[in-house]
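Hi,

Here is the structure I promised to pass on.

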Amino acid sequence: MKSWLTRLKQATYNTTFMYNLRMVIAFSGTAFVPYFLGHQLMTIPLTLGVVAAGLSDIDDRFSVRIMNLVYTYIGFFVTAASVQLLFPYPVLFAIGLIASCIGWILLGSLGRRYATISYGCLVVSVYSMLGVHLFEHWYTQPVLLVTGAAWYGVISTISFLLFPVRQVQDKLSQCYSSLGDFLFAKSNLFDVDMTADSYQQSMISLSLENGKLVGIFNDMKTALLTRLKGDRGQQDTRRSLQYYFVAQDIHERADSAHIDYQKLAKIFEHSDILFRFQRILSLQGKACKDLSDSILNRDKYQHNSRFEYAFANLRKSLEKLRHDQAYDQIWVNALFSLYQNLKAIDAQLRNVETVRNIKLDKSKHIENQLKDDDLKGWDDIIVRIKQNLTPESVLFRHAIRVSIVLLVGYIFVQLTNIQYGYWVLLTALFVSQPNFNATKRRLRLRILGTLGGIIIGYAILYFVPSVEGQLVVLVLSGVLFFELRSKQYAQATAFITILALMNFNLDGLGFSAALPRMIDTIIGCGLAWLGVTFIFPDWKFRRLPRSINRSLNAQCNYLAEVVNQYHQGRNNGLNYRIVRRAAHNTDAEVASLISTLATEPDIEQTQKSLSFEFLCLNHTFLSYIAALGAHRDKVDDPEILSLLDQALDDIQGALLRDEMPDLTAHNMLQTIRQRLNQSPDESPKSLIILQQLSLMFSILKPFSTLKQSLSHDRDDKATELGSL
C-alpha cells in the first residue's frame, strides 16, 4: 500500500503526465457525453472549443485566472455568434473579418494574457466558419463552443487548485535546466584547439543560449509576479522567488568574461589549466541540470562531492602558474579572478537548499522585489495601443498582414466555392508568424504534418470503422497534439489533422474531407508565404541599427549602475536587476535578429559576416560588464574610481555618440597597464577592475567600427527602399 501511494505521489509530480491526464478527461468528455446522449454532431464544436481553450490557457493566480476564463468565454461567444450572423452577408462578413482580426491581434499589445485570449478568439472565428452549417439555430454552435471551452476551464481550474504552485516550480526547473545548457556552451570557450572560426561559432552558440535563458527568466518573473502580488503568495512560491534570484546571480557570474578566450587558448595550449576550467564549468552545468530535476521531482538537491577535489587541483595549477616566469602575471591574475567567480557559483549551488529555510520579510511589497509590467489603468492601455499603431511595430505589421491574408483567403473561397475551403483560412492563421523565418519554417512542417495526418487518418477510418473506436482515436489525437505542439510542430499538425478527420467523419464526411484538407493546406500555406513576403515584408522594417542602439544603450546603463555600486557599495536591489535584465534582453534580441538574417531574401554575404562579428563582440562586451558586476563592491581607491568614471564616459562616447576617444590623451591605457604590471602591490578587487577595463578597451574600437558600419549599411538600404 505504501509503495502504491509513493508511486501515485511521484505520478502527481510528473507535469507531463498530469497535463496529459487533464487533456484525456477534457477530450473524453466532449467525445463520449454526446455519444451517450445520442447527439453525436455536438462532439465537433465541443471538441473544437476544448482545442481553442487549451490554446488560450494562461497560468495565473486564482482570482485572475477566473477573470481570464470569463473574458475568454465572452470573446469566444461574441466571435462565434458574429460569424454565424454575418456569414450570409459576404460583404459585411469580409469587413467584420478584417476589422476583428486587426483588433484581436493589436489587443495583444496589452500583455501576454490578452495576446493569448485574442489568439484563441481568432482560432474560434475560423472554427465557427467550418461548422457554420452544422446546426439550425445561429446560437447553437457558439453555445457549444463556449461549453467545450468551459468544460476545459473547469478541469484546468481543478488542476490549479490541487497544484497551485506547479507551474511556478516547472518554470523554475526550466530556468536551471537552461542555465545548465548555458554553462555547457560557456565551457566550449576553453577549448585548447580553438580556431578563429570555432571561436566565432562557440560565441554565437553561447549568445543564442543566453537568449533562450533570458526568455525563460522573463517567463519565470511573470509567473512569480502574478502570484506574489500583495505578498499573498504561498510559502513555496516565495521560496521560488529566492531560487530565481540565485539563478540570476549564477547567470551573471557564468556570463562573465575575465579574459580574451582566443589569446588564452594560444598562451596556455600546453598547460592543463584550460582543461580544468572547462571541466568545472561542465560539472556546474551538470549540477544545474541535477538541481532542475530536484525541483521537478521535489527532491533534495545533493551537491556533487567531486567539486571540492576539482577546485583544489585547479588552485594548485594556478599556484604553479603564479611561480612560473614563462607566463605573464596579468594573465595569471585574470585566471585567478575567473577561479574566484567559479567558486562563487559553486557556493551558490552548494547552499541553494538553505533557501528553503529563508523567511521573507512580509512587510516588503512585491514591487520592491520584481518589476511589475502589468497595466496600470486606461492611460496605460491607450499608450500601449498607440505605440503599436505604426508600421514600425511588429504587432501592427502582423495584424495587417494576417487580416489581408484571411480576407484574400475568404474571397478565394467565395469565388471558387472550394470544398471545405475554410481550412485555407485556418491553415493561413496557424502558419502566419510575425517574422519571415518562423513562417517559412512552419510552412514546410505544416504541409508534411498534414500529409502524414491524412495518410494515417485514412488508414484509421478504414481499419477502425466503429464510432467508438474513432472517438478513442479522437481523444488520443487531441492529447498528442497538445503534448507536441510546442516541441514537434509537424507531428502536432499530423495529430490535429487526424482529430479533424475523426470529427468530420461523425457527419459522414471523413473520407471525402481528407483530400480537400490537403489541397486547402497547400493553398493556405501559399497565402501565408505570399503575405509574409509581400505585405509589409519583415526585412524592410527590421532596423538592425535600432536594435543595436537599444542593446548598446542598455549595456551602458548596466555599466553605469555597476560603476555606481563601486562608489556606493554592493546593492542587489530592484534597479540593478532591471538594468541587468534589460542588457540581457536586448542582447538576446540582437542575437535572435542576426541569427535569422540568413533567411532573408535580400541579405548580402558581407553584411551577414559583419552582423555575426558584431553579435560576438556584443555578447563579449556584455560578458566583460557582467564580470565587473559579479565582483562589484565598494572601492576606496580614488584613482581606481576615477578610472572607472573616465572609462564609463569614454565607452558611452564610443558606443552611443560614435566619438571614439583618444585613450592616450588622458593616459587611460598607460595607467591601467602600469598598475596591472605592479600586481603584487594591488588589491585583488582593483586587479579585477583594471583587467576588465583593459579587456573592454581592447575591443572598443572594432566594436564601435562594426556598429557604425552596420548602421550605415542599413541606413543606405532604407534610403534606397524609400526612394523606390
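What share of the contacts in the protein with a separation of 6 or more comes from residues 24 or more positions apart? The figure is 82%, where contact means heavy atoms within 4.5 Å.

Before the details, some ground rules. This is a predicted model, so local features need pLDDT of at least 70 and side-chain atom pairs count only at pLDDT 80 or more, while totals for chains, interfaces and linings use all residues. Residues are numbered from 1 along each chain as its sequence is written, and side-chain values use heavy atoms, with hydrogens and water left out.

Overall picture

The secondary structure comes to 28 helices and zero strands; these are DSSP runs, numbered from the N terminus, with helices being H or I of at least four residues and strands being E of at least two. Of the 724 residues, 56% count as buried. Buried means under 20% relative accessible area, exposed means over 50%, and partly exposed is in between (1.4 Å probe, protein chains only).

The UniProt record, an unreviewed entry, puts "transmembrane region" at residues 12–35, 93–110, 117–135, 141–163, 443–461, 489–506 and 518–536. Those positions are in the numbering used here, feature names are shortened, and annotations may be inferred rather than shown by experiment. I looked at two of the segments. Residues 141–163 are 96% helix and 0% strand, with the end C-alpha atoms 33 Å apart. For residues 489–506 the model gives 94% helix and 0% strand, and the end C-alpha atoms are 26 Å apart.

Cores

A nonpolar core here is a set of buried Ala, Val, Leu, Ile, Met, Phe, Trp, Tyr and Cys residues joined through side-chain atoms within 4.5 Å. The largest one has 116 residues, and Tyr176 and Phe277 have the most contacts inside it. Helix 25 (residues 605–630) gives the most to this core, with twelve residues. At least three residues come from each of domain 2 (165–372) and domain 4 (542–714); the domain bounds are from an automatic or database domain assignment. Apart from this core lies another, of 88 residues, among them Ala52, Tyr422, Leu426 and Leu429.

Isoleucine 594 is another one to click on. Its place is in helix 24 (residues 574–595), and isoleucine 594 is buried, because its relative accessible area is 0%. Beyond its neighbours within four places in sequence, isoleucine 594 contacts Leu544, Ser611, Phe612, Phe614 and Leu615.

Rings and charges

How many aromatic pairs does the structure hold? There are 22, counting rings of Phe, Tyr and Trp (its six-membered ring) whose centres lie within 6.5 Å; planes under 30 degrees apart are stacked, over 60 edge-to-face, and the rest tilted. Phenylalanine 62 and phenylalanine 160 make a stacked pair because their ring centres are 6.4 Å apart and their planes are at 15°. That pair links distant parts of the chain, 98 residues apart: phenylalanine 62 is in helix 4 (residues 62–86) and phenylalanine 160 in helix 7 (residues 140–162). Phenylalanine 62 is partly exposed at 38% relative accessibility, whereas phenylalanine 160 is buried at 9%. Elsewhere, Phe87, Phe93, Tyr410 and Tyr422 form one aromatic cluster.

Two charges sit over rings, by the test that NZ of Lys or CZ of Arg is within 6 Å of the ring centre and within 35 degrees of the ring normal:

- Lysine 343 is over the face of phenylalanine 311, at 5.1 Å from the ring centre.
- Arginine 632 is over the face of tyrosine 576, at 3.7 Å from the ring centre.

Aspartate 346, in helix 14 (residues 329–350), is buried with a relative accessible area of 3%. Gln284, His303, Phe307 and Phe311 are what aspartate 346 touches, not counting residues up to four places away in sequence.

Most residues other than glycine have a negative phi. Two exceptions:

- Arginine 298 has a positive phi of about 60°. Arginine 298 is in the loop between helix 12 (273–297) and helix 13 (306–322), and is partly exposed at 23% relative accessibility.
- Asparagine 417 has a positive phi of about 55°. Asparagine 417 is in the loop between helix 16 (394–416) and helix 17 (422–431), and is exposed at 66%.

Cheers
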